[in-house]
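The sequence and structure are shown first.

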Amino acid sequence: MMQVSKAQDFVLSQPFTAAQYLSPASVGNGVYGQRIQSNFRTESIGGSNYARNLVVGWDRKYNRNAAEQANYLGIGGQIISEQLLNGLINTNYITFNTAYHLFLDGDDYSNLALGLGITYSQTTLDRSKLRFGDMYDLLGNLSGYPTAEVFLSNPSRFSANTGFLFTRHSNDTYLQLSANGFFFAKPDMTNSPYNEAPGMRSTLFMNLEKYFNENYTYLIHGAFSSRNKIKSYVAGASISLPIKYEFDHDRRLYIGCFYRFKDAIIPSINIMMDSYIFGISYDIYNNDLTAAGIRSNSFELTFSKSFGKRKQELMRTLFD
């Protein structure tokens, strides 16, 4: 029987806090001139860690201060590091993104962005942690003979990404609608006639945050992705409570819950302190592994810092 190798995409429990993970068209968004965003996720089964993911991104508005020109360019970069099976397989993705933001109204509240990105991915394999049948003698002792399987010496891949993003950002509402295509995936590690091209990962998402009762906000995030006929759905919401109200300060506590379809329920807590945002979430799995009695645990920590000139008339949101 023919076997086909297909790359599997990792997921974030708080993807709405990693703008470039969602869309290359997101670079340059937000109320500040620049920002740094980071996500750290760890997954374990039965107390043994099998996956760690780190996502770090930086982006900024470019030439936004031109008084005669509201439209602007956003640029940014993102690094994703994925470590599987205690370092057996490590994959790193380095992405450069750029997006042009075209305003659709005279108040500069609504804009349409077209984003393009280039990703270089590289995978390393720690062969010292591998054991194959032809490395053992007839008595079951490790013989030291190398396996006949052929690994590529430097698995790597260049790929491109694109996205469209509509943003409505006013003094009391933040709305985003987006469609994207990502081609980056893990490079093939072996010479095999059965390796299949990873195909495009198509994504759609919506972000919404809006004030109610003057100082409170509600937040909604929903997303869909598909690659190689494998589909994923995420949806959920948060409510924010003011920690301490002061004019020209944003200090809010977000309490929310999200659901990854047929996989996990994800309670989350986020804290906004002016230009800083902190977050933590925990995945409560309800997939086939839990039905088999295998207990999985996943934590995710997020941190972002915004800096530069701020547009005071626009609301500060968790999506910034």
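The model is predicted: local features require pLDDT of at least 70 and side-chain atom pairs pLDDT 80 or more, while totals for chains, interfaces and linings use all residues. Residues are numbered from 1 along each chain as its sequence is written, and side-chain values rest on heavy atoms, without hydrogens or water.

Arg-41 counts as buried because its relative accessibility is 1%, and Asn-39 counts as buried because its relative accessibility is 1%. Buried here means under 20% relative accessible area with a 1.4 Å probe and protein chains only.

The polar contacts of these side chains are tabulated below; such a contact is a pair of N or O atoms within 3.5 Å, one able to donate a hydrogen and the other to accept it, and residues adjacent in sequence count only if both atoms are side-chain atoms.

| Side chain | Partner | Distance |
|---|---|---|
| Arg-41 | Tyr-285 side chain | 3.3 Å |

Asn-39 is in contact with residues including Leu-12, Asn-53, Val-55 and Glu-300.

**Nonpolar cores**

A nonpolar core is a set of buried Ala, Val, Leu, Ile, Met, Phe, Trp, Tyr and Cys residues joined through side-chain atoms within 4.5 Å. The largest has 14 residues, and those touching the most other members include Leu-12, Tyr-21 and Val-55. Apart from this core lies another of 13 residues, among them Phe-16, Tyr-285, Met-315 and Phe-319.

**Cavities and pockets**

On a 1 Å grid over the protein atoms alone, a cavity is a set of points where a 1.4 Å probe fits but cannot get out, whereas a pocket is an open set with protein on both sides within 12 Å along at least five of seven lines; lining residues have an atom within 4 Å of a point. Volume is the space filled by probe spheres set on the points.

Seven cavities of 30 Å³ or more are found. The largest cavity has a volume of about 120 Å³. Its lining comprises 14 residues, with Gly-30, Tyr-72, Asn-111, His-169 and Leu-314 closest to the centre.

The second largest pocket holds about 390 Å³ of space. Among its 20 lining residues, Tyr-211, Tyr-245, Asp-248, His-249 and Asp-250 lie nearest the centre.

Technical notes: Buried means under 20% relative accessible area, exposed over 50%, partly exposed in between (1.4 Å probe, protein chains only). Contact means heavy atoms within 4.5 Å. Lists of a residue's contacts leave out its neighbours within four places in sequence.
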